[in-house]
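Hello,

Here is the structure I promised to pass on. Please have a look, then read my notes below.

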Amino acid sequence: MSLQLCLLIVSVIMSNLSALRVHIVGGGIAGLAVGYHLANIVERITIYDMNIGPGLSGASVVSAGLLHPITTSGKLMWRGNEAYSSARNLLNDVQLHNVSSKLFQDSQLYHTFYSISEYEKWQAAAKDLPEYIECCDVDQLDSTLSSINHKVEKPIVGSVRIKNACIVNPPLYLKCLYQSITRRNKNTNWVQYNVNDSNDYQKLRQSPDDIVVITAGPGVRQLWPHEDIENLQYAKGQNLIYSSDDLKISNGYISGEYIVPTVNNEFIFGASYEYSLDTLEKGPDCSEALKYLNRSPFYKNYLHDKDIGRVTSGIRVVPKRGHKGKLPIMLKHKKIPNVYCITGLGSRGLLYHSYLADLMVKAIISRDESVLDTAK
Ligand SMILES: Cc1cc2nc3c(=O)[nH]c(=O)nc-3n(C[C@H](O)[C@H](O)[C@H](O)COP(=O)(O)OP(=O)(O)OC[C@H]3O[C@@H](n4cnc5c(N)ncnc54)[C@H](O)[C@@H]3O)c2cc1C
């Protein structure tokens with residue numbers, strides 16, 4: 001094919017795309033990342049969310065903000081390198097325009113162990129992934145933890161450091177990410193609207209060529225055909241928020257549960273995994289959260305006698321575990337044209353949001369759905 005013909009095809013595609021209108025249902029990190037990656041390409045972006053603005057609802061807001069590509073067993077997550085660098089690039093770009101406040105901070109993240117056998121597994125992991133994991137001594141932990149550690153019943157016996165990790169300030173990031181979309185695309189709007197079902201979102205379109213992307217977190221249950229998502233689970237996650245006056249830490253700690261410092265002189269301890277459908281939609285409930293969290297060594301060792309400041313909760317959409325782990329899901333509607341969905345980000349929304357959004361935009365532009373197949 002001649003160069004002129006190629007250029008002609010590209011310019012026809014681009015002029016068609018620049019007339020595209022995109023309707024995104026759900027303004028959490030997934031929806032906003034889709035908006036960001038489309039902003040320079042399409043004519044108009046409308047984000048529909050049940051809340052009045054970004055950074056106010058959904059799992060994205062209550063996330064502890066932990067971003068790294070390592071699994072709970074010390075392996076690299078599916079497409080871990082690509083996803084991590086996509087997330088970091090997006091964070092850096094959004095940060096560039098928000099010099100007055102820090103959206104994230106590079107952090108050492110310590111994985112602590114209470115059993116020697118578990119620690120030994122991670123020592124092997126450090127050999128396999130030296131760019132991400134290194135062993136460290138228990139006395140390298142924050143001084144408050146080290147000083148309490150030798151007094152407790154079940155002390156930390158070993159620790160590894162996840163290097164190059166990052167702690168994000170989720171509510172601020174969501175607000176600034178939305179601003180980045182509006183900066184790149186002047187025809188961007190946030191509309192407070194609770195979308196009921198697929199008939200409802202089809203009515204939002206002005207033409208069947210308009211693209212609809214469903215990124216509604218647990219709202220996917222009403223909005224997507226049941227047979228495509230029947231393997232998803234919904235897990236309520238609750239965080240207990242404490243004042244940093246009670247425990248001085250400057251790093252993040254994980255060990256099943258996490259302890260993560262925030263910018264507001266607080267730290268987050270969480271999160272519960274509550275699968276009961278009876279309490280899923282109910283808001284924060286400290287006693288329910290404690291039924292799960294009081295078993296954690298973090299709680300038993302350091303927190304049992306501290307005052308809980310407040311509780312936050314959100315719902316994760318958890319994909320079924322396959323042979324490559326719990327993979328996030330991207331779908332194209334089988335019956336309604338130009339309708340797409342990102343779901344199943346589980347506990348790794350920050351790792352995957354930008355990478356999946358970028359892939360989805362590539363699928364939309366190229367009209368090649370095979371890009372969406374995470375099993376590949
Ligand atoms: C307690 C907790 C801690 C977590 N910690 C981390 C962490 O440290 N690191 C990490 O990477 N991940 C973490 N996660 C997971 C992460 O938060 C999620 O994977 C991610 O936020 C999912 O993003 P989302 O945009 O798909 O969904 P959501 O953030 O849930 O956003 C969905 C949006 O859609 C809107 N919506 C829903 N239904 C409708 C409807 N019918 N009409 C209109 N709008 C609708 C909601 O208002 C919401 O704004 C945590 C999750 C929880 C619950």
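Of the contacts in the chain with a separation of 6 or more, 76% join residues 24 or more positions apart. Two residues are in contact if their C-beta atoms, placed from the backbone, lie within 7 Å.

This is a predicted model: local features need pLDDT of at least 70, side-chain atom pairs count only at pLDDT 80 or more, and totals for chains, interfaces and linings use all residues. Residues are numbered from 1 along each chain as its sequence is written.

Next, the overall form. The C-alpha trace spans about 70 × 45 × 45 Å along its principal axes. Buried residues make up 41% of the 376. Buried means 20 or more other C-beta atoms, placed from the backbone, within 10 Å of the residue's own.

Now the strands. The chain has 14 helices and 17 strands. These are DSSP runs numbered from the N terminus: helices are H or I, at least four residues, and strands are E, at least two. Strands pair if DSSP finds at least two bridges between them.

S6 (residues 158–168) pairs antiparallel with S3 (residues 66–67) over two bridges. There, Leu66 stands opposite Ile167. S4 (residues 104–113) also runs antiparallel to S6, with nine bridges. Ser107 faces Ala165 in that pairing. S5 (residues 133–136) joins S6 through four bridges, again antiparallel. Cys136 has Ser159 of S6 as its bridge partner.

Best wishes

Technical notes. Buried ≥ 20, exposed ≤ 12 C-beta atoms within 10 Å, placed from the backbone.
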